[in-house]
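Here's a quick briefing to read with the model open. Grab your viewer and follow along.

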Amino acid sequence: MSTGHAGLMVETTAGSVLCDPWFNPAYYASWFPFPDNSGLDPSVLGGADYLYVSHLHRDHFDPEWLRRHMSKRATVLLPDYPVPDLRDALEDLGFRSFVQTRDNEVTELDGGLRVLISTVTSPADGEIGDSSIALDDGTVRIFNQNDARPVDSGPIEEFGPLSGHFLQYSGAIWFPMVYEFPERMKSTLGRRKRRNGMERALRYINQYDASHVFPFAGPPCFLDDDLFHMNDFENTDDNTFPDQMAFLEFLSEQGRSNGHLFLPGTAVELGPEGHCAIEQLPQEVIDDIYLDRRGYLERYRERARPVLAAERASWPRDSSDLLGQLTDWVEPLLGRADHLCTGVNGRVLFEIQPDGGNGEKADSEHIVFDFLDRRVKRWAGEECRYTFRIPRPLAEDLVRRREQDWVNHLFLSCRFAANRKGTYNEYIFSFLQAMSPQRLEYMERYYAERDGMGSLARAGDYVVQRQCPHLGADLERFGVVEDGVLTCQLHGWEFDLATGTCLTSDDRKLFSEYDPARAEGDLPSIPVLGPSAADDRSNV
């Protein structure tokens with residue numbers, strides 16, 4: 001049964017598993033579950049035998065709900081992460097029974113339930129990690145991919161033929177909405193991101209080839225008046241948050257007829273030989289959600305106003321010495337961030353904007369994280385690669401709580417604005433989600449271990465590194481070449497074959513060598529849809 005967003009209640013012959021229950025608004029009450037799942041009975045869900053939390057994003061890990069409603073007798077199925085943050089957070093809530101799984105290895109639980117949890121642990125994956133889970137009770141096998149993006153080929157396929165595949169297809173990020181780009185540019189970027197998300201989901205669907213597909217894990221909805229415009233009211237092609245109806249239509253256009261609507265409360269019975277019986281919500285409820293999306297969300301917003309008011313009332317309203325606190329906190333981290341400082345190679349400006357809620361006028365405060373001199377200082381007009389404009393109450397909250405991950409708390413809230421000079425820089429965001437000694441140590445180790453080219457692949461007349469320089473995805477699986485550009489379709493990063501230059505970010509380079517003879521050898525092949533730029537070698 002769907003519990004909303006990325007939530008599943010899985011009943012098997014060997015016990016029940018509750019996955020990623022999310023009911024309370026997340027990220028400074030910016031995200032709400034869509035559709036509204038508040039009508040589900042928590043006493044039924046909270047009695048599950050097992051609990052699986054895929055990662056620490058607050059739309060998957062809901063500490064308030066888990067504290068109040070989840071039985072602490074439940075056994076937690078724990079992903080194999082390099083840092084203990086998820087286990088620590090669950091222990092803080094009172095959970096004591098854990099099964100520590102190993103990445104991509106099958107664990108058999110009491111009663112015979114087979115579990116395989118696949119983890120991804122790059123800086124871009126959740127809060128230092130994301131995961132997906134496959135379950136097999138001896139009769140039916142399902143794969144709950146949620147919003148993870150597995151890069152290893154084999155473990156899930158070897159787990160066995162799948163009856164059901166549950167996966168994300170919609171956006172879950174602040175880009176490009178918060179950026180101060182021209183509207184036409186925003187529209188173009190939004191259209192590309194919407195399409196890329198659905199096409200990536202289709203590739204996973206084709207890869208795992210389950211009998212039935214259930215889109216979920218997004219989109220959220222935005223009920224705060226300041227963010228309400230971000231909802232996809234009219235199914236527009238440049239909105240990065242398409243809903244299930246839009247994705248099911250996309251699947252149909254691609255010749256796929258095994259996708260199913262999966263809303264909070266939808267119950268699905270899967271069985272051998274493709275059996276699938278669905279107990280769907282009443283049609284009038286579905287029509288209320290999708291035929292008048294704006295009206296549905298306006299009514300939802302009115303119900304949420306007390307929650308939104310309480311959230312805003314909890315934010316700090318006084319001003320403290322942010323510069324002094326950030327200097328004491330962040331400068332020691334900069335001193336240890338050798339790989340990250342080299343990768344940023346510039347400065348980042350934080351414009352702390354007055355709230356204005358108390359009617360008082362005040363000037364913005366400008367604070368720079370200088371990755372060149374490894375200092376935190378007052379801005380004196382220096383050129384900065386990125387500018388982030390943050391409301392003062394949220395900046396005060398982050399600093400007072402010593403929040404170690406600004407990316408997955410502030411940025412996902414979309415309650416800020418951004419500007420940048422040049423292309424995307426991954427290292428800035430990696431640092432901003434590693435603002436504790438433990439997180440930073442992991443991040444530095446990750447980038448140190450990632451150095452090195454690895455194995456090679458053939459891309460037309462070129463020999464290139466097989467692992468994407470971004471996050472190490474296998475380009476034989478995720479790469480495609482068209483008009484001399486190699487695109488990694490896992491995250492949409494592009495590289496010019498002739499030079500190896502990254503067209504998405506200026507802090508990456510692809511090993512690419514024009515070598516027709518070697519390219520004819522026994523190397524893995526990356527699909528070529530158009531010319532491989534072999535006849536344009538003037539800039540090699």
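Which residue of strand 6 does Val76 stand opposite? Val76 faces Phe98 there. This is a predicted model, where local features need pLDDT of at least 70, side-chain atom pairs count only at pLDDT 80 or more, and totals for chains, interfaces and linings use all residues. Residues are numbered from 1 along each chain as its sequence is written, and side-chain values use heavy atoms, with hydrogens and water left out.

**Strands 5 and 6**

- Strand 5 (residues 75–78) runs parallel to strand 6 (residues 97–100), with four bridges between them; strands count as paired if DSSP finds at least two bridges.
- Helices (H or I, at least four residues) and strands (E, at least two) are DSSP runs, numbered from the N terminus.

- An open, mixed sheet is built from five strands in the order 17-16-15-18-19.
- Strand 17 (375–378) and strand 19 (417–420) are its edges, each pairing on one side only.
- Neighbouring strands here are turned by 20° on average, direction ignored; axes are lines fitted to C-alpha atoms, for helices over the stretch in contact, and angles run from 0 to 180 degrees between N-to-C directions.
- Strand 15 (residues 347–353) pairs with strand 16 (residues 365–370) in the antiparallel sense over six bridges, and Phe350 sits opposite Ile367 of strand 16.
- Helix 9 (residues 322–336) packs on the sheet, touching strands 15, 16 and 17, and its direction makes about 155° with that of strand 17; contact means heavy atoms within 4.5 Å.
- Helix 11 (residues 392–400) lies across strands 15, 16 and 18, at about 95° to strand 18 (386–391).

**Salt bridges**

- You'll find 33 salt bridges in the structure (a side-chain nitrogen of Lys or Arg within 4 Å of a carboxyl oxygen of Asp or Glu).
- Arg114 and Asp136 form one of them at 2.6 Å, N to O, tying strand 8 (residues 114–120) to strand 9 (residues 130–136) across 22 residues.
- Asp136 is buried at 5% relative accessible area, while Arg114 is partly exposed at 24%; buried means under 20%, exposed over 50%, partly exposed in between (1.4 Å probe, protein chains only).
- Glu199 and Arg195 meet at 2.9 Å, N to O, and they're about one helical turn apart because four residues separate them in helix 5 (residues 183–208).
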